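Open the model in your viewer and keep the selection panel at hand.

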Amino acid sequence: MHFLVPTSSSSSPSPANTSSFSLLFLAPENLSKPPAKIHIGIHGVSGHSSKNTSLCAVVDRSSSNVSSRKESPDEEVLVVRRPLLENSGDDEGDKTYPAKIDAGLSKIAKKMPIFEPERSESSSSSSAAAVARAQEKPLAVNLDLSLYRAKFLARSFRYKDAEKILEKCIAYWPEDGRPYVALGKILTKQTKLSEARTVYEKGCQATQGENAYIWQCWAVLENRLGNVRRARELFDAATVADKKHVAAWHGWANLEIKQGNISKARNLLAKGLKFCGRNEYIYQTLALLEAKAGRYEQARYLFKQATISNSKSCASWLAWAQLEIQQERFPAARKLFEKAVQASPKNRFAWHVWGVFEAGIGNVERGRKLLKIGHVLNPRDPVLLQSLGLLEYKHSSANLARALLRRAAELDPRHQPVWIAWGWMEWKEGNTTTARELYQRALSIDASTESAARCLQAWGVLEQRAGNLSAARRLFRSSLNINSQSYVTWMTWAQLEEDQGDSDRAEEIRNLYFQQRTEVVDDATWVTGFLDIIDPALDTVKRLLNFGQNSDNNNSQLNDTLKYMGGAKDGQSSQVAGSSVGGREDTETGSGFNLDAFLREKLSLDPSKIEVNLDSQRLGRFIRGKTSGA
């Protein structure tokens, strides 16, 4: 080891003389000796200023008490200690000399909880639980898989399993709005409306009100419960959360349409187009408003815009086809039905409406075939079997119809129209007791829907024909409490009083209908400004506009499947169906659309085997007549 020691020269006392350095050498063998001291003495020189000092390094080994020079009492000595060696070497054996700094760090380390993880976990149970949850939380991709799994279970009517999966999703991902929407819809299907409302409310709180889908679903639920004001507020919140959420604008407009606020509905639809761009659903709703107001050319233009916006929108093609049916342009309607099934080959509504249309205009075989195709593509849909059952009752046998209706009720026991249609058929067959039981079953599902109002009206007719007039009056009154706008129910009740010889009461009932009915005022001047927004070059279309309102359309839309297809065995219903068809129908398709080739190429179905797929072993047992009426 080398030490560089500056000292003052004794031969040159001149102030200019700077300090000189002497080099001390320590032999390597001395390193193993006991620790030594290095004394740095500061010595003043007489006759000179304090600047003329000399530094002297003294190696002091405490064990030998040897020093290079004696220290005078008046000397100021700065002592520098060398760190002790951990091992003394050969002289001291295995004896260790830990440094003081290491000992201090060891004491500090013992007091630090970071070095003791067991103590850290036990100190805070909440933090430990948080860490455990973070370690157990699945990856984000599992959310999509779980949502798909829940959707599949819901389609299979395994609602409990789907609910458990969605509740886990909410526990792991509370900030994602999709589990709340899916769980709310599943609860709504089970008519657990209060629970669905609670789920939507929690979802809005968890997402801090920024998820428009939850607001919109909640608004639809409140509208279904009759809370119109609350539904408006929720639709408004949905549009504030996301002004490009087209479902909120469209749902809000539909609410206003049902309330008779046509101008408000148009404004909402216009805002939807402004913020969301071209949308087939908004165009379709606007077209239906124009058709209802009698402006058919404009309705066709809007339907065309809807199909241009989305050529795969089956709903737009179907709505347009129904407009053409209303105008008795049946070849045009058939072409639109063909467009609908090409746009969405497995759409159950397309096959159902097309089949009912063909059967209604006299093409019974074609209608039966279309309904069977729809059933093969959608084996879980009860509506197709319901319409097929009524068709078979009209043109085949009651046993076959009963079997089809029973199967439809098994597919979806909560589908009210199936029970109503079945009860109507049993009443026509003279099974009054069975018909009452089936009507009661339909009402037990939900006694506040439009279907319930129709059920009460049909049950009232049954009691009227059976001579139970007081019961019939109560049923008609209950039906009108649900749907006060039903022209058929009012007129049927008035006719009952007329048949009993009470003409004054009958006239009073008719006057009540005209007094309480909702008048819908549609401002036709809105059309010009709105169409200028859609397309400024519409002069040729505007010349064709019909701004006149329809005449008093008292007979409400009662062209449901029950009356439309089951009226063959009721003379009055047959007359209504015949008048609706008119004499302008061409039974030949003449459109060039090959249905069988379409089934083979697009759907991989053999048209000759559709009948086999429809009838099951149990259904065949009913067809052979081994089972009597319900």
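Go to Gln 208 to begin. This is a predicted model, and Gln 208 sits in the loop between helix 7 (193-206) and helix 8 (212-224). Check the backbone there: phi is positive, about 60°, although the residue is not a glycine. Gln 208 is exposed, with a relative accessible area of 65%.

**Zoom out**

Show the whole protein as a cartoon. It has 32 helices and 5 strands. Of its 630 residues, 41% count as buried. Now consider contacts between residues at least 6 apart in sequence: 54% of them join residues at least 24 apart.

**Phe 235**

Select helix 9, residues 228-241, and pick out Phe 235 within that helix. Is Phe 235 buried or exposed? Its relative accessibility is 1%, so Phe 235 counts as buried, the cut-off being under 20%. Display its neighbours beyond four places in sequence. Phe 235 touches Gln 216, Ala 219 and Val 220, and also Ala 248, Gly 251, Trp 252 and Leu 255. For a distance check, draw a line from the C-alpha of Phe 235 to that of His 250. The two are 15 residues apart in sequence and 9.7 Å apart in space.

**Helix 12 against helix 14**

Select residues 280-292 for helix 12 and 314-326 for helix 14. Their axes lie 10 Å apart, and the packing angle is about 10°. Helix 12 and helix 14 are therefore roughly parallel, since angles under 35 degrees count that way. On the helix 12 side, show Glu 280, Gln 284, Leu 288 and Ala 291; on the helix 14 side, show Ala 315, Ser 316, Ala 319 and Leu 323. The contact residues of this pair comprise 5 nonpolar, 2 polar and 1 charged.

**Helix 16 against helix 17**

Move to helix 16 (residues 348-360) and its partner, helix 17; the axes come within 7 Å and cross at roughly 165°. Helix 16 and helix 17 are therefore roughly antiparallel. Their crossing is left-handed. From helix 16, display Trp 351, His 352, Trp 354, Gly 355, Glu 358 and Ala 359. Facing them in helix 17, the contact residues include Val 364, Arg 366, Gly 367 and Leu 370.

Keep helix 17, residues 364-377, and select Arg 368. Arg 368 has 12% relative accessibility and so counts as buried. Which residues does Arg 368 touch, not counting those up to four places away in sequence? They are Leu 388, Leu 391, Glu 392 and His 395.

**Pro 382**

Next, select helix 18, residues 382-395, and find Pro 382 in it. With 7% relative accessibility, Pro 382 counts as buried. Draw a C-alpha to C-alpha line to Ala 408. Pro 382 and Ala 408 are 26 residues apart in sequence, yet 4.4 Å apart in space. Beyond four places in sequence, Pro 382 touches Ala 408, Leu 411, Asp 412, His 415 and Val 418.

**Helix 19 against helix 20**

Finish with helix 19 (residues 398-411) and helix 20 (residues 416-428). Their axes come within 9 Å and cross at roughly 160°. Helix 19 and helix 20 are therefore roughly antiparallel, as angles over 145 degrees count that way. The crossing of helix 19 and helix 20 is left-handed. Helix 19 contributes Ala 398, Ala 401, Arg 402, Leu 405, Arg 406, Ala 408 and Ala 409 to the contact. Helix 20 contributes Val 418, Trp 419, Ala 421, Trp 422, Met 425 and Glu 426. Colour the contact of helix 19 with helix 20 by residue class: 10 nonpolar, no polar and 3 charged.

How values were computed
Residues numbered from 1 in each chain as written. Predicted model: local features only at pLDDT ≥ 70, side-chain atom pairs only at ≥ 80, totals over all residues. Heavy atoms only, no water. Helix = DSSP H or I, 4+ residues; strand = E, 2+ residues; numbered from the N terminus. Buried < 20%, exposed > 50% of the residue type's maximum accessible area, 1.4 Å probe, protein only. Contact = heavy atoms within 4.5 Å. Axes fitted to C-alpha atoms, helices over the stretch in contact; angles between N-to-C directions. Parallel < 35°, antiparallel > 145°, perpendicular 65-115°, else oblique. Left-handed = near helix turned anticlockwise from the far one by under 90°. Nonpolar A, V, L, I, M, F, W, Y, C, P; charged D, E, K, R; others polar.
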